[in-house]
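Morning, everyone. I have one structure to show you today.

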Amino acid sequence: YKQTLLGRERICLFLVAVIFLWLASGLVKLQIFQHDELLEQSENNRIRVVPLVPRRGIVYDRNGRVLIDNRPSYTVSVVPAEEVKGVTVPNLASLLNLDTLTIRKRIRKNLVSKFQPSAVKKDISFEVVAVLEEQADRFPGVIYQMERVRLYPDSLGAESFTGYVGEVSKADLEKERDKELRLGSVIGKKGLEKKYDYLLRGVEGTAYWEIYASGQILGPYEGRRWMSATPGVDITLTIDIDIQKAAVEAISDKNAGAVVAIDPRTGEILAMTSFPGYDANIFSSVIPDSLWQVISNDSAKPLLNRPLTGRYPPGSPLKLVTIGAGLEEGIITAQTKYEPCLGGKQFGNRFFRCWKPAGHGSVVAVGAIEESCDVYLYQLGRKIGVDLLSEYLGKCGVGTPTGVDLPNEAAGLNPDSEYYNERYGKGKWSWALVLNNAIGQGEILATPLQLAQMYCGFANKGIVFRPHIVKKEVRSDGKVMSISPVVSFRLPFSQKTLDILYEGIRMVVEGENGTAKRLKNSDYSIGGKTGTSQNPHGDNHALFVGVAPLENPEIVVCAIVENAGHGSEVAAPVVGKVIKAYMDKKMREPLVVTGEEGTD
């Protein structure tokens, strides 16, 4: 019996020893090996980490007037580690008029850490804020933060260059790989908001608050150093709000189109609008899928940035390149005449018509520009050929992005024999294609910005400055960085050739037979080139590129009006109104535009 009792005592002692060692090892593990991890968890249970969103940079026009501002807004978020199951989400769903599934999806979508706020709804009303403040015990784990939401002008048609901002997505995070970004951060999605996001966004800070178990704030936590947010850089644009308004008003009664105005002396973009547009403010908050579908499926294509990505057959404005190539290559002189224009000309088995059925008779180079004679250009283009014409077009910027400081610019299309061989097969296309190319039709495509850039070269003695929209940057420390003009290229024409082409630009408005005589006035000189662009999907597009004042050009304006007919009848008046607004502002007196009409 004693031996049995002794055996039991030993077993008990052994079990006690094992339990003691197990407890001791557990304490060692908890207090030594897992100390840091458990301490962090303990700290997180009583510390709330809140991002401090910086003020996004303000955008001004060239005269210091605000173009893009910020407005105060409240965002409701849930801290997953602090929510109470069956209480937080149902109560919040009732308050926000959302279903619980939607709230759960948004929490998961914006989840960074279970100890950090996950945004549920932005731009909530002050009434919701008051309820959250007064009835905090009903919403454990729910917080609200004051943030700044982008405020865009709703009447300036500026979406083509301002773009808009939106919440960062997982795809954005993978693409950008920016350590400063997190789910819920706001970044630029289009336009200058996207191009200059790294400047405008600023640097996010971090706040630490000590909280009760119920989620109520005890006060700032002093155990960790707060990181202040750094405001974004303020940006001044080259845009002039007065000229921008004039551009919008001039085209707002049309079906669709675009206007671009540039200072040829610097490449500064004075105005740019795409019509119809959209209200960029709708993207500042969470846009409903139904509204997005309406905008994206609109047949008028309000999301199409026509000045930068709209690719159109440039039409007659490209005739200056054809004539310039002929002059440079010695194929023609300023006095060369071809067979007279009788309303068209037979080439092979096809009759190529001129826009004027009655014809223009015999004209020289300047007259061909003034009256926009297609027959003259057909005969010249036949001698130049596809590849030589393509070479000159390329040297004038056709088929190449301008390099403007805005994202997603289209390149256009400058076809040559290699292009036609790939499209139709080697030897399976006709030389007659060059006849259409010579008048800016056929496969040639250009954006309104490219056409404006080209005519800046004609207005600036062949020198083409790169178009740009940012004039200067002002950082939070007061440091200012101004953007200097950059020469992009030079037109491939001698001064003698440029003088002839420029005389043609003048005669389009001031000549007796000019196609834009209606723009002639006694207060300032103006020139340009009308155009009618063939549209396989409907009525022809109307184009005009204008230059003023001719003695010392300060502004070049390109306008395209879709499905509108002749450039002289529709696009030229649009350009005339924009130039008039510029000259009115310059001269500080009202101007009266008079004159007769032409057509092209």
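Keep in mind that this is a predicted model. A search of the whole structure turns up 1 cavity of 30 Å³ or more. How much space lies in the largest cavity? About 40 Å³. Its lining includes Tyr-338, Glu-339, Pro-340 and Cys-341. Gly-361, Ser-362 and Val-363 line the cavity too. So do Cys-373, Val-375, Tyr-376 and Gln-379. By class, that lining has 7 nonpolar, 3 polar and 1 charged residues.

Next, a helix pair. Helix α10 covers residues 241–251, and helix α21 covers 567–587. Their axes come within 9 Å and cross at roughly 155 degrees. That makes α10 roughly antiparallel to α21. The crossing is right-handed. Which residues of α10 make the contact? Asp-242, Ile-243, Ala-246, Ala-247 and Ala-250. From α21 come Val-574, Lys-577, Val-578, Ala-581, Tyr-582 and Lys-585. This contact has 8 nonpolar, no polar and 3 charged residues.

Now the backbone. Phe-275 and Pro-276 are joined by a cis peptide bond, with omega about 0 degrees. Pro-276 sits in the loop between β12 and α11. Another cis peptide bond joins Ala-548 and Pro-549, with omega about -25 degrees. Pro-549 is in the loop between β20 and β21.

Last, positive phi values. Lys-301 is not a glycine, yet its phi is about 55 degrees. Lys-301 lies in the loop between α11 and α12. Asn-408 also has a positive phi, near 65 degrees. Look for Asn-408 in the loop between α16 and α17.

How values were computed: Residues are numbered from 1 along each chain as its sequence is written. This is a predicted model: local features need pLDDT of at least 70, side-chain atom pairs count only at pLDDT 80 or more; totals for chains, interfaces and linings use all residues. Side-chain values use heavy atoms; hydrogens and water are left out. Axes are lines fitted to C-alpha atoms, for helices over the stretch in contact, and angles run from 0 to 180 degrees between N-to-C directions. Helices (H or I, at least four residues) and strands (E, at least two) are DSSP runs, numbered from the N terminus. Angles under 35 degrees count as roughly parallel, over 145 as roughly antiparallel, 65 to 115 as roughly perpendicular and the rest as oblique. A crossing is left-handed if the near helix is turned anticlockwise from the far one by less than a right angle, and right-handed if clockwise. Contact means heavy atoms within 4.5 Å. Ala, Val, Leu, Ile, Met, Phe, Trp, Tyr, Cys and Pro count as nonpolar, Asp, Glu, Lys and Arg as charged, and the others, Gly among them, as polar. On a 1 Å grid over the protein atoms alone, a cavity is a set of points where a 1.4 Å probe fits but cannot get out, and a pocket is an open set with protein on both sides within 12 Å along at least five of seven lines; lining residues have an atom within 4 Å of a point. Grid points are joined across faces, edges and corners, and a volume is the space filled by probe spheres set on the points.
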